Amino acid sequence: WSLCAHHLLPFSAKVAIGYIADSQVLGLSKFARIAHAAAHRPTSQEELCSSIADRVQEVTGASSVAVTATGLHLCMAMRGIRTSASMTTSVTRGKFRDDPSARSEWFHILNRTAHADGL
């Protein structure tokens, strides 16, 4: 959960983080800590993805990082159009941006996960 910086209303996001380890490998709980820290202040979903990617790069030294978030924004559900909808944003860096096979694999994994979760 985070707070929309534009409307000061909550949004929840399911976040997927990927990286190609150069030398430093992180434990699974570290990713949750990074995501929670990035969501701890008012932000946009786009900025949330960028902040998480920045921190993963900083901690691991990896140049190839991908972060994808699918969020449900209460600002949209409670005001304006008043309907619930999800939005997906993604940040890709290094091989996830430049190497078509790595990029394709990342989005294939996300697609499989989304179908398994019923999204």
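**Exercise 1. In which sense do E2 and E3 pair, and over how many bridges?**

Solution. The model is predicted: local features need pLDDT of at least 70 and side-chain atom pairs count only at pLDDT 80 or more, while totals for chains, interfaces and linings use all residues. Residues are numbered from 1 along each chain as its sequence is written, and side-chain values use heavy atoms, with hydrogens and water left out.

Step 1. Helices (H or I, at least four residues) and strands (E, at least two) are DSSP runs, numbered from the N terminus. Two strands pair if DSSP finds at least two bridges between them.

Step 2. E2 and E3 pair in the antiparallel sense, over nine bridges. Alanine 16 stands opposite threonine 68 in E3.

Step 3. E3 is also joined to strand E4 (residues 86-92) by seven bridges, again antiparallel. Here leucine 72 stands opposite serine 86 in E4.

Step 4. Take buried as under 20% relative accessible area, exposed as over 50% and partly exposed as in between (1.4 Å probe, protein chains only). Seven of the nine residues of strand E3 (residues 65-73) are buried, so the strand is mostly covered.

**Exercise 2. Find the aromatic pairs, and state which elements tyrosine 19 and phenylalanine 31 tie together.**

Solution. Step 1. Rings of Phe, Tyr and Trp (its six-membered ring) pair if their centres lie within 6.5 Å; planes under 30 degrees apart count as stacked, over 60 as edge-to-face and the rest as tilted.

Step 2. Two aromatic pairs are found in the whole structure. One of them joins tyrosine 19 and phenylalanine 31, with 5.5 Å centre to centre and 45° between the planes, and is tilted.

Step 3. Tyrosine 19 belongs to strand E2 (residues 10-19) and phenylalanine 31 to helix H1 (residues 28-38), so the pair ties together parts twelve residues apart in sequence. Tyrosine 19 and phenylalanine 31 are both buried.

**Exercise 3. How many disulfides does a search of the whole structure find?**

Solution. Step 1. A disulfide is a pair of cysteine sulfur atoms within 2.5 Å. The search finds zero.

Step 2. The closest cysteine sulfur to that of cysteine 49 is in cysteine 4, 14 Å away, which is too far for a bond.

Step 3. Cysteine 4 is buried at a relative accessible area of 7%, and cysteine 49 is buried at 1%.

**Exercise 4. Describe helix H2 and what covers its buried residues.**

Solution. Step 1. The expected span of a helix is 1.5 Å times one less than its number of residues. H2 (residues 45-60) has 16 residues and reaches 23 Å from its first C-alpha to its last, close to the expected 22 Å.

Step 2. Buried residues in H2 include Leu48, Cys49, Ile52 and Val56. With contact meaning heavy atoms within 4.5 Å, the cover of the buried residues of H2 includes E2, H1, E3 and E4.

Step 3. Glycine 61 follows H2 and has a positive phi, near 75°.

**Exercise 5. Which backbone atoms does the side chain of threonine 60 reach?**

Solution. Step 1. A polar contact is a pair of N or O atoms within 3.5 Å; within protein, one must be able to donate a hydrogen and the other to accept it, and residues adjacent in sequence count only if both atoms are side-chain atoms.

Step 2. The threonine 60 side chain reaches the backbone oxygen of valine 56 at 2.7 Å and the backbone nitrogen of alanine 62 at 3.0 Å.

Step 3. Threonine 60 is buried, with a relative accessible area of 5%. Not counting residues up to four places away in sequence, threonine 60 touches Tyr19, Gln24 and Leu26.
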